[in-house]
Amino acid sequence: MNLRFLHVWCRNLLVWRKLAIPSMLGNLAEPLFYMIGLGFGLGGMLPQMQGVSYVAFLAGGVVCSSAMFTASFEAMYSAFSRMHVQRTWDAILNAPLTLDDVVIGEWVWAASKGLLSGCAVLLVAAALELAASPLALLIIPVIVLTGLAFSALGLIVTALSPSYDFFMYYFTLAITPMILLCGVFYPLEQLPALAQVAAQALPLTHAVALSRPLMLGALPTQVGLHVLVLVIYAGVSLAVARHLLRNRILQ
(Lines give C-alpha, C1' and ligand atoms only; values in the text may rest on other atoms or scores of the structure.)
Protein backbone atom coordinates (compact mmCIF):
# COMPACT_ATOMS: atom_id res chain seq x y z
CA MET A 1 0.00 0.00 0.00
CA ASN A 2 1.27 3.49 -0.87
CA LEU A 3 1.90 5.35 2.39
CA ARG A 4 3.43 8.48 0.91
CA PHE A 5 0.39 10.47 2.08
CA LEU A 6 1.80 10.14 5.60
CA HIS A 7 4.42 12.75 4.68
CA VAL A 8 1.61 15.24 4.11
CA TRP A 9 -0.07 14.19 7.35
CA CYS A 10 3.19 14.60 9.29
CA ARG A 11 3.81 18.01 7.71
CA ASN A 12 0.40 19.23 8.88
CA LEU A 13 1.00 17.76 12.34
CA LEU A 14 4.31 19.61 12.71
CA VAL A 15 2.67 22.91 11.81
CA TRP A 16 -0.35 22.28 14.04
CA ARG A 17 1.81 21.41 17.06
CA LYS A 18 2.73 25.08 17.47
CA LEU A 19 -0.93 25.95 18.09
CA ALA A 20 -2.12 22.64 19.50
CA ILE A 21 -3.34 23.89 22.90
CA PRO A 22 -5.45 26.87 21.70
CA SER A 23 -6.71 24.73 18.82
CA MET A 24 -7.90 21.98 21.16
CA LEU A 25 -9.46 24.50 23.54
CA GLY A 26 -11.37 26.00 20.63
CA ASN A 27 -12.57 22.61 19.44
CA LEU A 28 -13.66 21.68 22.95
CA ALA A 29 -15.39 24.93 23.92
CA GLU A 30 -18.51 24.72 21.74
CA PRO A 31 -19.47 21.10 22.52
CA LEU A 32 -18.70 21.73 26.19
CA PHE A 33 -21.09 24.69 26.22
CA TYR A 34 -23.73 22.50 24.55
CA MET A 35 -23.24 19.85 27.21
CA ILE A 36 -23.43 22.28 30.12
CA GLY A 37 -25.91 24.82 28.76
CA LEU A 38 -28.38 22.45 27.12
CA GLY A 39 -27.59 19.29 29.04
CA PHE A 40 -27.86 20.72 32.54
CA GLY A 41 -29.75 23.97 31.86
CA LEU A 42 -32.46 22.79 29.50
CA GLY A 43 -32.16 19.24 30.78
CA GLY A 44 -33.12 20.38 34.27
CA MET A 45 -36.58 21.28 32.95
CA LEU A 46 -37.05 18.09 30.93
CA PRO A 47 -38.10 14.62 32.01
CA GLN A 48 -35.88 11.66 31.28
CA MET A 49 -35.35 10.95 27.60
CA GLN A 50 -35.26 7.31 26.50
CA GLY A 51 -34.85 6.33 30.14
CA VAL A 52 -31.82 8.54 30.93
CA SER A 53 -31.20 12.16 31.88
CA TYR A 54 -31.15 14.65 29.03
CA VAL A 55 -27.47 15.44 29.48
CA ALA A 56 -26.63 11.73 29.17
CA PHE A 57 -28.81 11.53 26.04
CA LEU A 58 -27.15 14.63 24.60
CA ALA A 59 -23.58 13.43 25.17
CA GLY A 60 -23.77 10.67 22.55
CA GLY A 61 -24.85 13.12 19.88
CA VAL A 62 -22.43 15.91 20.75
CA VAL A 63 -19.45 13.54 20.42
CA CYS A 64 -20.33 12.95 16.76
CA SER A 65 -21.37 16.51 15.93
CA SER A 66 -18.07 17.78 17.34
CA ALA A 67 -16.08 15.36 15.17
CA MET A 68 -18.21 16.35 12.16
CA PHE A 69 -17.68 20.07 12.66
CA THR A 70 -13.94 19.87 13.30
CA ALA A 71 -13.23 17.53 10.38
CA SER A 72 -15.35 19.69 8.06
CA PHE A 73 -13.63 22.91 9.16
CA GLU A 74 -10.16 21.44 8.67
CA ALA A 75 -10.99 19.95 5.27
CA MET A 76 -12.37 23.26 4.07
CA TYR A 77 -10.82 26.36 5.64
CA SER A 78 -7.40 24.90 6.46
CA ALA A 79 -7.07 22.75 3.34
CA PHE A 80 -8.23 25.64 1.14
CA SER A 81 -5.59 27.86 2.72
CA ARG A 82 -2.87 25.33 1.96
CA MET A 83 -4.15 24.72 -1.56
CA HIS A 84 -5.15 28.17 -2.79
CA VAL A 85 -3.73 30.87 -0.52
CA GLN A 86 -0.40 29.57 0.80
CA ARG A 87 0.26 27.37 -2.27
CA THR A 88 1.58 24.66 0.02
CA TRP A 89 0.18 21.96 -2.26
CA ASP A 90 2.13 23.37 -5.20
CA ALA A 91 5.34 23.17 -3.18
CA ILE A 92 4.61 19.59 -2.10
CA LEU A 93 3.94 18.55 -5.69
CA ASN A 94 7.53 19.53 -6.55
CA ALA A 95 8.60 16.67 -4.28
CA PRO A 96 8.20 13.01 -5.36
CA LEU A 97 4.53 13.06 -4.29
CA THR A 98 1.40 12.97 -6.41
CA LEU A 99 -1.78 14.99 -6.03
CA ASP A 100 -3.51 11.85 -4.76
CA ASP A 101 -0.92 11.65 -1.98
CA VAL A 102 -1.70 15.24 -1.02
CA VAL A 103 -5.48 14.76 -1.12
CA ILE A 104 -5.40 11.54 0.92
CA GLY A 105 -2.99 13.14 3.38
CA GLU A 106 -5.37 16.07 3.84
CA TRP A 107 -8.32 13.68 4.15
CA VAL A 108 -6.67 11.62 6.88
CA TRP A 109 -5.36 14.74 8.62
CA ALA A 110 -8.83 16.35 8.78
CA ALA A 111 -10.27 13.07 10.11
CA SER A 112 -7.49 13.01 12.72
CA LYS A 113 -8.50 16.49 13.89
CA GLY A 114 -12.08 15.24 14.13
CA LEU A 115 -10.87 12.28 16.19
CA LEU A 116 -9.07 14.58 18.63
CA SER A 117 -12.16 16.74 19.02
CA GLY A 118 -14.51 13.79 19.49
CA CYS A 119 -12.22 12.12 22.00
CA ALA A 120 -11.94 15.37 23.96
CA VAL A 121 -15.72 15.46 24.28
CA LEU A 122 -15.71 11.78 25.22
CA LEU A 123 -13.24 12.54 28.03
CA VAL A 124 -15.47 15.35 29.29
CA ALA A 125 -18.45 12.99 29.23
CA ALA A 126 -16.44 10.42 31.19
CA ALA A 127 -15.45 13.08 33.74
CA LEU A 128 -19.14 13.92 34.17
CA GLU A 129 -19.84 10.19 34.65
CA LEU A 130 -21.87 10.07 31.44
CA ALA A 131 -19.71 7.36 29.86
CA ALA A 132 -19.12 4.91 32.67
CA SER A 133 -19.44 1.73 30.59
CA PRO A 134 -16.37 0.19 28.87
CA LEU A 135 -18.54 0.06 25.72
CA ALA A 136 -17.98 3.81 25.43
CA LEU A 137 -14.48 3.05 24.12
CA LEU A 138 -16.11 1.62 21.00
CA ILE A 139 -17.21 5.16 20.18
CA ILE A 140 -13.63 5.90 19.09
CA PRO A 141 -13.93 3.88 15.83
CA VAL A 142 -17.28 5.61 15.24
CA ILE A 143 -15.56 8.99 15.59
CA VAL A 144 -12.91 7.87 13.10
CA LEU A 145 -15.55 6.89 10.53
CA THR A 146 -17.43 10.13 11.14
CA GLY A 147 -14.28 12.16 10.61
CA LEU A 148 -13.40 10.31 7.40
CA ALA A 149 -16.90 10.81 5.98
CA PHE A 150 -17.09 14.52 6.73
CA SER A 151 -13.51 15.34 5.81
CA ALA A 152 -14.14 13.78 2.38
CA LEU A 153 -17.33 15.82 1.98
CA GLY A 154 -15.40 18.91 3.04
CA LEU A 155 -12.76 18.32 0.39
CA ILE A 156 -15.47 18.26 -2.27
CA VAL A 157 -16.57 21.71 -1.14
CA THR A 158 -12.94 22.87 -1.12
CA ALA A 159 -12.49 21.67 -4.69
CA LEU A 160 -15.52 23.70 -5.81
CA SER A 161 -14.93 26.83 -3.76
CA PRO A 162 -13.62 30.01 -5.39
CA SER A 163 -13.15 31.68 -1.98
CA TYR A 164 -13.66 31.24 1.77
CA ASP A 165 -17.11 32.83 1.52
CA PHE A 166 -18.40 29.80 -0.37
CA PHE A 167 -17.99 27.62 2.74
CA MET A 168 -20.82 29.40 4.54
CA TYR A 169 -23.28 27.89 2.07
CA TYR A 170 -22.17 24.40 3.08
CA PHE A 171 -22.31 25.13 6.80
CA THR A 172 -25.71 26.81 6.49
CA LEU A 173 -27.33 24.36 4.07
CA ALA A 174 -25.70 21.07 5.13
CA ILE A 175 -23.95 21.12 8.51
CA THR A 176 -26.60 23.10 10.43
CA PRO A 177 -29.55 21.02 9.15
CA MET A 178 -27.69 17.83 10.06
CA ILE A 179 -27.05 19.08 13.59
CA LEU A 180 -30.75 19.87 13.96
CA LEU A 181 -32.29 16.88 12.15
CA CYS A 182 -30.02 13.91 12.85
CA GLY A 183 -30.92 13.14 16.44
CA VAL A 184 -28.20 15.08 18.26
CA PHE A 185 -30.61 17.02 20.50
CA TYR A 186 -33.73 14.86 20.47
CA PRO A 187 -34.93 11.46 19.21
CA LEU A 188 -35.66 11.21 15.50
CA GLU A 189 -39.15 9.99 16.39
CA GLN A 190 -40.06 13.57 17.32
CA LEU A 191 -39.73 14.67 13.70
CA PRO A 192 -42.48 14.49 11.04
CA ALA A 193 -42.40 11.29 9.01
CA LEU A 194 -40.94 12.95 5.91
CA ALA A 195 -38.15 14.56 7.94
CA GLN A 196 -37.35 11.18 9.50
CA VAL A 197 -36.94 9.65 6.05
CA ALA A 198 -34.69 12.51 4.96
CA ALA A 199 -32.60 12.19 8.12
CA GLN A 200 -31.92 8.53 7.39
CA ALA A 201 -30.04 9.59 4.26
CA LEU A 202 -27.66 11.82 6.23
CA PRO A 203 -24.37 10.47 7.62
CA LEU A 204 -24.62 12.15 11.02
CA THR A 205 -27.82 10.20 11.74
CA HIS A 206 -25.95 6.92 11.46
CA ALA A 207 -22.98 8.14 13.48
CA VAL A 208 -25.29 9.19 16.34
CA ALA A 209 -27.23 5.90 16.09
CA LEU A 210 -23.95 4.09 16.79
CA SER A 211 -22.49 6.36 19.45
CA ARG A 212 -25.49 7.06 21.68
CA PRO A 213 -26.20 3.45 22.76
CA LEU A 214 -22.48 2.89 23.36
CA MET A 215 -22.35 6.01 25.52
CA LEU A 216 -25.24 4.63 27.54
CA GLY A 217 -23.65 1.19 27.92
CA ALA A 218 -25.70 -0.70 25.31
CA LEU A 219 -24.92 -2.22 21.94
CA PRO A 220 -26.49 -0.40 18.96
CA THR A 221 -28.83 -2.13 16.55
CA GLN A 222 -28.30 -2.37 12.78
CA VAL A 223 -24.58 -1.81 13.22
CA GLY A 224 -23.78 -3.08 9.73
CA LEU A 225 -26.16 -0.63 8.07
CA HIS A 226 -24.87 2.38 9.99
CA VAL A 227 -21.24 1.49 9.35
CA LEU A 228 -21.95 0.83 5.67
CA VAL A 229 -23.57 4.24 5.20
CA LEU A 230 -20.58 6.02 6.77
CA VAL A 231 -18.11 3.97 4.71
CA ILE A 232 -20.02 4.74 1.49
CA TYR A 233 -20.08 8.45 2.27
CA ALA A 234 -16.34 8.41 3.00
CA GLY A 235 -15.33 6.34 -0.04
CA VAL A 236 -17.58 7.94 -2.65
CA SER A 237 -16.93 11.47 -1.41
CA LEU A 238 -13.17 10.91 -1.45
CA ALA A 239 -13.33 9.62 -5.04
CA VAL A 240 -15.36 12.68 -6.10
CA ALA A 241 -13.00 15.04 -4.26
CA ARG A 242 -9.94 13.50 -5.92
CA HIS A 243 -11.53 13.89 -9.36
CA LEU A 244 -12.56 17.49 -8.77
CA LEU A 245 -9.23 18.51 -7.28
CA ARG A 246 -7.36 16.84 -10.13
CA ASN A 247 -9.40 18.86 -12.61
CA ARG A 248 -8.85 22.07 -10.66
CA ILE A 249 -5.12 21.81 -10.06
CA LEU A 250 -3.67 19.74 -12.89
CA GLN A 251 -5.69 21.11 -15.80
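This is a predicted model: local features need pLDDT of at least 70, side-chain atom pairs count only at pLDDT 80 or more; totals for chains, interfaces and linings use all residues.
Figure 1. Helix H1 covers residues 5–16, and at 1.5 Å a residue its 12 residues should span 16 Å. The end C-alpha atoms of H1 are 17 Å apart, which agrees with that expectation. Phe5, Val8, Asn12 and Trp16 are the residues of H1 shown here as buried. Seen down the axis of H1, the buried residues fall within an arc of 70°, so they line one face of the helix. An α-helix has 3.6 residues a turn, so residues three or four places apart point the same way.

**Figure 2. Surroundings of Asn12.** Asn12 lies in helix H1. The relative accessibility of Asn12 is 3%, and the residue therefore counts as buried, the cut-off being under 20%. When neighbours within four places in sequence are left aside, Asn12 is in contact with Arg82, Glu106 and Trp109. Two of these contact partners, Arg82 and Glu106, are joined to each other by a salt bridge, and this pair is the subject of the next view.

**Figure 3. Salt bridges around Arg82.** The side chains of Arg82 and Glu106 meet in a salt bridge, with an N to O distance of 2.7 Å. This pair links distant parts of the chain, with Arg82 in helix H3 (residues 54–85) and Glu106 in helix H5 (residues 99–127), 24 residues apart. Both Arg82 and Glu106 are buried. Arg82 also forms a salt bridge with Glu74, at 3.1 Å from N to O. Glu74 is buried, as is Arg82. In the model as a whole, the count of salt bridges comes to seven.

Figure 4. Arg87 is found in the loop between H3 and helix H4 (88–92). Although Arg87 is not a glycine, its phi is positive, at about 60°. Arg87 is partly exposed, with a relative accessible area of 45%. A salt bridge joins Asp90 to Arg87, the closest N and O atoms being 3.6 Å apart. Asp90 likewise counts as partly exposed, at 33% relative accessibility. Elsewhere in the model, salt bridges that share partners join Glu74, Arg82, Glu106 and Lys113 into one network.

**Figure 5. Helix H5 and the residue Glu129 that follows.** The 29 residues of H5 should span 42 Å at 1.5 Å a residue, and the end C-alpha atoms are 42 Å apart, which agrees. Of these 29 residues, 21 are buried, so H5 is largely enclosed by the rest of the structure. Just after H5, Glu129 takes a positive phi of about 60°, although Glu129 is not a glycine. Glu129 is found in the loop between H5 and helix H6 (139–160). At 69% relative accessibility, Glu129 counts as exposed.

**Figure 6. A nonpolar surface patch that includes Tyr169.** Leu160, Phe166, Tyr169 and Leu173 form a nonpolar patch on the surface. Together these four residues have about 450 Å² of accessible area. Tyr169 has its place in helix H7 (residues 167–181). With a relative accessible area of 55%, Tyr169 is exposed, because the cut-off for that class is over 50%.

Figure 7. Gln190 is placed in the loop between H7 and helix H8 (193–199). The relative accessible area of Gln190 is 61%, and the residue is exposed. Gln190 and Leu38 are 152 residues apart along the chain, and their C-alpha atoms are separated by 18 Å.

**Figure 8. Val240 and Leu153.** Val240 is found in helix H10 (residues 223–250). Val240 is partly exposed, with a relative accessible area of 34%. Along the chain, Val240 and Leu153 are 87 residues apart, and the separation of their C-alpha atoms is 8.9 Å.

Terms used
Residues are numbered from 1 along each chain as its sequence is written. Side-chain values use heavy atoms; hydrogens and water are left out. Patches are made of residues with over 30% relative accessible area and no salt bridge: like charges are joined within 9 Å, nonpolar side chains (Val, Leu, Ile, Met, Phe, Trp, Tyr) within 5 Å. Accessible areas come from the Shrake-Rupley method with a 1.4 Å probe; for residues, only the protein chains shown count as cover. Helices (H or I, at least four residues) and strands (E, at least two) are DSSP runs, numbered from the N terminus. Buried means under 20% relative accessible area, exposed over 50%, partly exposed in between (1.4 Å probe, protein chains only). The expected span of a helix is 1.5 Å times one less than its number of residues. The arc is that of the directions from the helix axis to the C-beta atoms. Contact means heavy atoms within 4.5 Å.
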